[in-house]
Amino acid sequence: MAVKIVGPELPNIPWEEKPKDYSGVMWRYSKNPIILRNLLPTSNSIFNSAVVPYGEEFRGVFRCDDTRRYMQLHAGRSRDGIHWEINPERIHFVGEAAQELGWEYGYDPRVVWVEDRYWVTWCNGYHGPTIGVAWTQDFETFHQLENAFLPYNRNGVLFPRKIRGKYAMLSRPSDRGHTPWGDMFYSESPDMIHWGCHRFVMAPAGGWQSTKIGAGPVPIETTEGWLLIYHGVLTSCNGFVYSAGAALLDIEQPWKVIARTAPYIISPQELYECVGDVPNVVFPCAALADSATGRIAVYYGAADTVTGLAFCHVEELVEFTKQNSLV
């Protein structure tokens, strides 16, 4: 039986067919990077950002490190998912929690539609990195809630629907700095404020994912399980190397891993991925999935400097994950 995406049809997502001489399961857009580091007058870099469909267009929340090298979040819009207009002013969250928590820094956002609104999660500075939470319906006003977890935590990624009646999130408990370790965990909440029922999902393994791992784009529901594209880190003699792989998680108990790729599906190989503020980084943060065709477009940060786009087919990626599994 063919693998199917469970979700809406998105016929207008960015797409480019796989090159005839390419044997990999995920391939890059030929005109990468799609967002340059200096798109804004004050941006040093734009990367590790989130994109979602919005009517017939697309909206997003972007990590824009400014020329002071402060980590900020900006809203953006696009007609085609490739050419972006990003608000030059950072997002100013509203609400009692925003006033109480203040603003220290924000980076690596994810965005997902759940039921009646878009939810934003990001690495929020509050006495160390933790998971910020906010919602919006128009990408103009962003209502901030309490942080999901205590410091220190990163890579908070929501599922696109409730599971067993609860909101669900993946995260990677961390520390104050560039964590030299990291396992992935699952948590759930009745109200997006109180989080608990924490479950271990998976730990680093060998090779490209031997140091730490973290959830990437919002998991994609398929007929074979939740398809999770995630990043893994190798500690080389020249520092961290960030690549990406894929896993299949159980639909009703997502902390149970069905399959997980031993090889990476994309790694830093192009110049814009290997050279930048942080060299040798491929960091996926968003994916657009069309249920009608099985096409998936993945947005990723490259070398912590620019934003790239890559593509895959759900059936091919799921089969690759199952046939090359560590589990």
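How many residues lie between strand 19 and strand 20 in their hairpin? The structure is a predicted model, in which local features need pLDDT of at least 70, side-chain atom pairs count only at pLDDT 80 or more, and totals for chains, interfaces and linings use all residues. Residues are numbered from 1 along each chain as its sequence is written, and side-chain values use heavy atoms, with hydrogens and water left out.

Five residues separate the two strands of this hairpin, and Gly-294 in the turn has a positive phi of about 80°. Strands are DSSP runs (E, at least two residues) numbered from the N terminus, as are helices (H or I, at least four). Strands 19 and 20 run antiparallel and are joined by seven bridges; Ala-289 has Ile-296 in strand 20 as its bridge partner. Strand 19 is largely enclosed by the rest of the structure, because seven of its eight residues are buried (under 20% relative accessible area, 1.4 Å probe, protein chains only).

Both strands belong to an open four-stranded sheet with the order 1-21-20-19 and antiparallel pairing, where pairing requires at least two DSSP bridges between two strands. Strand 1 (27–28) and strand 19 (282–289) each have a single partner strand, so one side of each is left without a neighbour in the sheet. Two bridges join strand 1 to strand 21 (residues 306–313), with Trp-27 partnered by Phe-311.

Notes
Buried means under 20% relative accessible area, exposed over 50%, partly exposed in between (1.4 Å probe, protein chains only).
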